[in-house]
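Hello,

Here is the structure I said I would pass on. My notes follow below it.

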Amino acid sequence: MKHIIVDIDQQMLDRARTRWLAHPDSKRKVFRNSNHTFNGYVGEEVFQKAFPEALTTQFLRTSDLYNYDFLLDKKRIEVKTKTSKVEPIPDYYDCSVLEYLKEHQKPDFYVHIRNVEENGVYVRGHILGIISADKFYNGTCFTVNKGDILANTGRKAEATSFNCFVSDLNHFQHRYVK
């Protein structure tokens with residue numbers, strides 16, 4: 001599988017934690033036993049380390065702060081991140097966008113990242129690939145409803161989402177970023 005692997009260091013975790021604590025929803029846990037907002041900020045740190053030329057919306061004086069995460073080559077990029085205790089498997093794991101986010105997030109592209117956690121610590125981020133929002137919603141994705149059992153993992157979906165498989169993404173040239 002061609003993707004970008006990024007080592008996650010303590011500085012990245014500290015920056016993500018600072019942003020998470022400043023976020024209005026930082027105390028709210030969307031799903032049991034995890035905080036997806038913090039994980040998302042770690043994913044954004046992974047993307048920024050691999051693409052330092054990308055501009056973050058937090059530093060652009062814009063009303064688009066929650067509509068997308070980065071500008072890269074004049075394209076709006078929204079980073080979507082999941083966590084796993086194992087390295088990603090292309091057709092086993094899916095990439096998803098929660099249904100309620102479709103209405104207010106307006107990216108040109110989604111970049112999907114999977115952070116690998118070892119002994120409770122994020123150690124690596126895998127930038128799995130990119131897909132245009134148009135392609136994602138108009139032909140590639142499938143809907144998973146809250147309560148559905150996911151065929152690939154056997155887990156119960158905790159929210160309705162639009163999903164695709166890692167193999168549906170356009171991949172980056174493989175590289176390792178320390």
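**Asn163 and its surroundings**

A polar contact of 2.7 Å links the side chain of Asn163 to that of Asp94. Please keep in mind that this is a predicted model. Asn163 lies in strand S9, and it counts as buried because its relative accessibility is 2%, where the cut-off for buried is under 20%. Leaving aside neighbours within four places in sequence, Asn163 is in contact with Asp94, Cys95 and Ser96, with Phe136, and with Thr140, Cys141, Phe142 and Val144.

**The sheet**

Strand S9 belongs to an open sheet of three strands, in the order S5-S9-S8, with antiparallel pairing. The edges are strand S5, residues 94-98, and strand S8, residues 142-144; each of these pairs on one side only. Direction ignored, neighbouring strands of the sheet are turned against each other by 35 degrees on average.

Strand S9 covers residues 161-165, and its antiparallel pairing with S8 runs over three bridges. Within this part of the sheet, Val144 stands opposite Ser161 of S9. Helix H3, residues 133-140, packs on the sheet and touches S5, S8 and S9. The direction of H3 makes about 95 degrees with that of S9.

**Thr56**

Which strand holds Thr56? Thr56 is in strand S2, which spans residues 55-56. Is Thr56 buried or exposed? Thr56 has a relative accessible area of 10%, so it is buried, again by the cut-off of under 20%. Not counting residues up to four places away in sequence, Thr56 touches Gln48, Asp69 and Phe70. Thr56 and Leu72 are 16 residues apart along the chain, and their C-alpha atoms are separated by 9.0 Å.

**Confidence**

The average pLDDT of the protein chain is 84, and 85% of the residues score at least 70. Over residues 29-33, the pLDDT is below 50. In the model, that stretch has eight contacts beyond near neighbours in sequence.

Regards

Definitions and conventions: Residues numbered from 1 in each chain as written. Predicted model: local features only at pLDDT ≥ 70, side-chain atom pairs only at ≥ 80, totals over all residues. Heavy atoms only, no water. pLDDT = per-residue confidence, 0-100. Contact = heavy atoms within 4.5 Å. Pairing = 2+ DSSP bridges. Helix = DSSP H or I, 4+ residues; strand = E, 2+ residues; numbered from the N terminus. Axes fitted to C-alpha atoms, helices over the stretch in contact; angles between N-to-C directions. Buried < 20%, exposed > 50% of the residue type's maximum accessible area, 1.4 Å probe, protein only. Polar contact = N/O pair within 3.5 Å; in protein donor to acceptor, adjacent residues only side chain to side chain.
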